[in-house]
Amino acid sequence: MMRGRGVVNRIGAWLAALLLGVLASGLAGAAAQAEDGYDLWLRHAPLDPARAEAAREVLGPVELRGDGSGTAGTARGEIERGLAGMLGADRGNRSITLALTQDLTEGERWLAAELAGAPPGSFVIAADPNAGTIVAARDDTGLLYGAFALLRHVAGDRPLPEVARTYRPGMPLRLLNHWDNPDGHVERGYAGRSIFDWWHLPERLDPRMIDYARANASIGINGAVVNNVNARAFMLEPRYIAKLKRLADAWRPYGIRVYLSARFSAPRDIGGLETADPLDPAVRAWWHAKADEIYAAIPDFGGLLVKANSEGQPGPQDYGRTHADGANMLAEALGTRGTVIWRAFVYSAEDETDRAKQAYEEFVPLDGRFADNVIVQVKNGPIDFQPREPFHPMFGAMPNTKLMLETQITKEYLGFASHLAFLAPMWTEVLDADTGRGGTVAEVVAPAGMAGVANTGSDRNWSGSHFDQANWYAFGRLAWDPSLSSEDIAREWAALTFSREEAFLAAVVPMMLSSRETVARYMTPMGLAHLMDTGHHYGPGPWVCDLPRPEWNPCYYHRADAGGIGFDRTATGSNALEQYAPGVAAAWADPAEIDERYLLWFHHLPWDYPAQSGRPLWDELVARYDRGVAEADAMAQTWSELSPYVDPQRHRAVAESLAIQRREARWWRDASLAYWQSLNGLDLPPGTRAPEHDLDYYRSLVFPEAPGR
Ligand code: BDP
C-alpha cells in the first residue's frame, strides 16, 4: 500500500509536473506569440485601470450607419477589435457612431460642413460627453482612417477631442515602394524574403496580406507598388495580372490601391515588338492595350512606376526621346484611370558632371511638359538616401510639374536592420526645408505625395528589427501629416508598440530622436557621403577607388588626399550650389557659416581648416566619430535599463541589435580614421583611442553574403 501510494504519489507528481510544464510552455508560447512584434503598433494592449475607467465613460457600442459592407464594415471591425484589446468586454454605454456625411442626422449636419471640400480620406471625430462619439467622413476610407485615429486616441495619452477635429491627408498619394522581386528576393531588404508570395498567387492569399493592409491603413498609406523598380517585364503578363487582381481585391477594403513598376522595354521584352520607342504607334498601342487589360481586371489599379535610363534600365533616351516623351506615352495609355510615377533618380557614368547635378539637369528643362497624370518622383537628396544629404534641388525648381518625395524606409545606407536609426527626423528635415522658391518641400509635394521604399519582409516582426517598425510607422504618419513632429511620432509609436509608462517613454523617445544623427556621426560625419563598401553597402569602404564607373567609388564622393577632404560644390568646383535658390545657396556657400553637418558635402577643405569649434577640421572630424560611437554605447545602456517595461523576448532582440550596432560603430570609426590617416599622415588628437586594427585589416574584410544586394 505504502509502495502503491508512493507510486500514485509519484505519478501524481509527475502528472502535475507535466501539466505545469505544458502550462508553462503554453504560457511562454502565448507570451512569445503575443510579443514577437508581429502585431506591430496594432497590439491594442490593455489599458491600465485608471485609463480604462476613463475610456469606458465615453466609449460604448459601435453603431455603423449604412449597409455595413466593404470598407465601412472593416472600420467597425477594427474599432471592435481595438477596444476589445484595450478595454476587454466591459464597455460603457455611450455609443461610437460611424457615419458617412450623407447619413448624418439634422443635428449632426454641421459635421458635414467641417468636411466640405476636404480631400478623399478626410474624417472628423467629435466626442460629446452626452451624445457619445461620432466619426464622420465623406467616403468609406475616411471612416476607416477615423476608426484607427480613434483607437490611437484611446491608446495614447491624448484625450478624445471634446469638440470636433477634422483630419485631412496632407497629400493624395502615400505609397510604399517595394523593391521585391518576383522570386522573393528583396533588393535592399534586410527583413528576410519578400512578403509577396507570387508563386502561389492567385489561389493562395497569405493571411499576412490582410495584416499588411491593416497596418498600412492604420497610418494612412493608400497604395503599394508591389515590385522592384528594377522591374521584370513578365510581371505585366496576364498570369501576373491575375495575381495582382487577387491582391487588389484583398486590399480594397483597406483603401490600398495596387501599383506596378513597369519595365520600359516591355513591348520588346514580352510584346513581340522590335522597339519600345515611345513615339512609335505600335508601342503606344501596345501600352494602351496593356492598360485596358489591367483595368479590366483591376478597375482601381493605381498606375505605373518607372525607373528609366538609370543604372542600366531601359528608357526613352535609348531612342533619342526625353523622359517626358516616355512618361506621357504611358500616361496616355492609362488615361484618367491612373497615374504614371516617373523616377528622377538618374545618373550616368558617361556624364562628367557631378552626379548630384544630373537629375536636375535632365528634368528641370522639361518642366511643364509632363501630362497631368504624371508625377515625377524625386529622392529626398540629390545623391542617394545617404545618412544626411541636403534636400534635392529639383524641389521648388519645377513649378509646373507634380513632384513626389521618395524616401527610403529600409536602411540601405544606415546600418541595415541592425542599427537603430529612427528616420522621422531625417524626413522632417527635408519636408520642412524651405526651397526658397515659394514653399517648403512639404508644400511642393502636397499636390502629389510621398513614397517610402519599404522595409517589410518575411521576418516575424516584418522589418528585421523592432525599432525599424517605427520607420514604417513614421513614414505613414508623415505622409498623412507632414507637420507632425518627430517627437510626437516617436512617442505615439513607442507607447503603442512597447509601453505607455512615462518612465519608459522619457528614456526611449530621446534615444530614438537622436539615433539617426548618431549613425551619421560614426558613418559619414560633417557632410561626407557614400563611403559604404561597394555593392552591398555594408560597412565602411572609403578606400574603394577603382570601380569602372567613377560615381560608384567612395573616393569620388570624399575626394580626400594629403591636402584635404570634401567635395567642392561651390563656384570653384562643380557649382551644384547654383541649382538651389539664391537664399538657400547662400546659407551653404561659406564654410565658416554653413551648418557643419553639410560642410564636406559642399566644400573641399584642408585638414587643418579651422572648424566652427575652433579645432582643426581633422580634430573636429575625429571628435564627431567618437561622439557617434559614445552615443551608440549610450543607446545600449539606456535600453538595458528598460527591461522592466518590455517583454523579455523583444527586449533581448533589441539588445542584441544594439550590441551589433556598438561593434559596427567602432568598426566604422576605426576603419575610417585609419584610412584618413593613411592619406593625411596626421596623428590622432591627444587622448584619442587608436584604431583597433591597421588599415590593411579593414581593407581585407569582405562580405560576399551581405543581404539585400
Ligand atoms: C540605390 C540602390 C539600388 C536601387 C537604386 C534605385 O542601391 O539598389 O536600385 O538606388 O533607387 O540606392 O533605383
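Predicted model: local features only at pLDDT ≥ 70, side-chain atom pairs only at ≥ 80, totals over all residues.
Helices α5 (residues 140-155) and α6 (residues 208-218) have axes that come within 9 Å and cross at roughly 75°. Residues are numbered from 1 along each chain as its sequence is written, and side-chain values use heavy atoms, with hydrogens and water left out.

**Where α5 meets α6**

- Helices here are DSSP runs (H or I, at least four residues) and strands are too (E, at least two), numbered from the N terminus; axes are lines fitted to C-alpha atoms, for helices over the stretch in contact, with angles from 0 to 180 degrees between N-to-C directions.
- From α5, the residues L144, Y145, F148 and R152 meet R214, A217 and S218 of α6, where contact means heavy atoms within 4.5 Å.
- The residues of this contact divide into 4 nonpolar, 1 polar and 2 charged.

**Around the ligand**

- What surrounds the ligand? There are 14 residues around the ligand, and the closest are E187, K307, R343, D384 and E412; a residue counts if one of its heavy atoms lies within 4 Å.
- K307 places a polar side-chain atom 2.6 Å from an oxygen atom of the ligand.
- For R343, an N or O atom in the side chain is 2.6 Å from a ligand oxygen atom.
- R188 has a side-chain N or O atom 2.9 Å from an oxygen atom of the ligand.
- The protein buries 97% of the 320 Å² that the ligand exposes when taken alone, with areas from the Shrake-Rupley method and a 1.4 Å probe.

**Backbone details in two loops**

- L201 and P202 are joined by a cis peptide bond, with omega about 5°.
- P202 sits in the loop between β6 (173-177) and α6.
- N309, a residue other than glycine, has a positive phi near 50°.
- The loop between β9 (303-306) and α10 (323-334) is where N309 is found.

Note on methods: Nonpolar A, V, L, I, M, F, W, Y, C, P; charged D, E, K, R; others polar. Polar contact = N/O pair within 3.5 Å; in protein donor to acceptor, adjacent residues only side chain to side chain.
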